[in-house]
Amino acid sequence: MPADKTTSMAEAISRIEPGSTVAAGLALEHAIPFAAGHELARQGTDDLTLVGPISDVLFDQLVGAGLVSHVRAAWTGNVSAGSGYNFRRAVEAGDLSVENHSNFSVALSLHAAALGVPYLPTRSLLGSDIAEEPQFRIAEDPFEGERVVQVPAIAPDWAFVHVQRAAPTGDAHLWGNTGVTYEAVRAAEHVLVTAEEVVDLEVIKSDPSRTRITREQVDAVVEAPFGAHPSPVAGRYNRDNEYFLKYADATRDADGFDAWADEWVYGVDGREEYREKVERDLSVQEPTAAAEVTYGQ
């Protein structure tokens with residue numbers, strides 16, 4: 001029988017060692033693994049390197065909690081309000097090092113690691129300031145003689161992925177925007193899957209084409225309903241725009257962030273209590289069903 005990889009959030013996060021590189025927010029603004037990130041904060045797992053493309057306020061929260069020493073990302077802030085104030089304060093104070101990327105170079109870096117190659121070339125960065133960042137190399141394409149930018153591989157220690165459903169084995173379904181989720185899962189040494197629901201394996205087997213996260217890639221599965229709030233999860237709940245705006249107002253100074261974290265991170269006993277604090281109904285009222293897919297035997 002396949003191994004049962006389900007565990008509690010606290011136990012799963014206890015496996016992440018200080019100094020780890022963690023990839024998260026991989027589906028861009030969709031399905032950001034906030035529940036897992038908040039448990040990192042509660043356990044005080046520090047000296048982290050965070051990797052992601054459009055890295056929304058989860059990165060800002062972990063920086064504010066004093067857990068992050070390095071960020072490798074295309075953008076970090078608050079999509080609804082602009083600046084991530086914790087991130088901005090840390091950079092301006094010299095407390096945080098940043099490796100600048102484009103969204104595409106983050107994807108290439110993860111894909112290179114997934115392929116087991118040291119870098120992948122691109123022309124897309126040429127002509128931009130990003131191409132001059134020290135992690136990149138401008139070289140001559142040996143085949144056509146044109147300039148290319150060599151984008152080095154990034155192999156995270158952990159990838160955090162939030163999905164709609166997963167089996168206890170780790171096989172999972174994710175739909176909607178997936179961003180660079182699959183590249184990161186293949187690139188990472190370890191993968192934590194948090195799921196809106198843990199389902200019987202037969203449910204996952206019923207739609208094999210959607211099963212692009214598979215058991216051999218996954219170390220732990222945690223059932224975490226509402227685990228991506230305030231970001232949306234396709235088919236389950238919508239983006240909580242009001243929450244992002246209130247977060248921006250509350251965290252304009254460091255004391256404000258501390259008060260916010262005391263209420264929303266350290267002051268809640270698990271995700272169920274967190275959910276009770278969110279008074280707005282964000283559920284999808286009129287789900288759109290995809291056309292039926294049939295599989296023969």
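This is a predicted model: local features need pLDDT of at least 70, side-chain atom pairs count only at pLDDT 80 or more; totals for chains, interfaces and linings use all residues.
Helix α2 spans residues 34-43 and helix α3 spans residues 57-64. On the α2 side, the contact involves Phe34, Gly37, His38 and Leu40. On the α3 side, Val57, Leu58, Gln61 and Leu62 take part. Five of these contact residues are nonpolar and three are polar. None is charged.

Helix α2 is largely enclosed by the rest of the structure, because eight of its ten residues are buried. The buried residues of α2 are Phe34, Ala35, Ala36, Gly37, His38, Glu39, Leu40 and Ala41. Burial here means a relative accessible area under 20%. Just after α2, Gly44 adopts a positive phi of about 70 degrees.

Leu40 also belongs to the largest nonpolar core, which holds 49 residues. Within this core, the residues that touch the most other members are Ile13, Ile16, Leu40, Val68, Phe160, Leu192 and Trp260. Beyond its neighbours within four places in sequence, Leu40 contacts Ile13, Ile16, Thr45, Leu48, Leu62, Leu67 and Phe160. A second core is separate and has 26 residues, including Ala23, Ala107, Ile154 and Leu174. In soluble globular proteins, nonpolar side chains tend to be buried together.

An open sheet is built from three strands in the order β5-β7-β6, with antiparallel pairing. Strands β5 (119-122) and β6 (137-140) form the edges, and each pairs on one side only. With direction ignored, neighbouring strands are turned by 40 degrees against each other on average. Four bridges link β5 to β7 (residues 147-152) in the antiparallel sense. In this pairing, Pro121 stands opposite Gln150 of β7. Helix α5 (residues 103-115) packs on the sheet and touches both β5 and β7. The direction of α5 makes about 140 degrees with that of β5.

On the β6 side, β6 and β7 run antiparallel and are joined by four bridges. Ile138 has Val149 of β7 as its bridge partner. The two strands form a hairpin, with six residues between β6 and β7. In the turn, Gly145 has a positive phi of about 80 degrees.

A further helix pair is formed by α8 (residues 241-250) and α9 (residues 254-264). Their axes are 8 Å apart, at an angle of about 135 degrees. This angle makes α8 oblique to α9. Helix α8 contributes Tyr243, Tyr247 and Ala250 to the contact, and α9 contributes Gly256, Phe257, Trp260 and Trp264. Six of the residues in this contact are nonpolar, one is polar and none is charged. Trp260 is also among the residues with the most contacts to other members of the largest nonpolar core.

Asp157 lies in the loop between β7 and β8 (158-166). Its relative accessible area is 26%, so Asp157 is partly exposed. Asp157 and His190 are 33 residues apart in sequence, yet their C-alpha atoms are 5.9 Å apart. With neighbours within four places in sequence left aside, Asp157 contacts Gly19, Ser20, Thr21, Glu189 and His190.

Key
Residues are numbered from 1 along each chain as its sequence is written. Side-chain values use heavy atoms; hydrogens and water are left out. Axes are lines fitted to C-alpha atoms, for helices over the stretch in contact, and angles run from 0 to 180 degrees between N-to-C directions. Contact means heavy atoms within 4.5 Å. Ala, Val, Leu, Ile, Met, Phe, Trp, Tyr, Cys and Pro count as nonpolar, Asp, Glu, Lys and Arg as charged, and the others, Gly among them, as polar. A nonpolar core is a set of buried Ala, Val, Leu, Ile, Met, Phe, Trp, Tyr and Cys residues joined through side-chain atoms within 4.5 Å. Buried means under 20% relative accessible area, exposed over 50%, partly exposed in between (1.4 Å probe, protein chains only). Two strands pair if DSSP finds at least two bridges between them. Angles under 35 degrees count as roughly parallel, over 145 as roughly antiparallel, 65 to 115 as roughly perpendicular and the rest as oblique.
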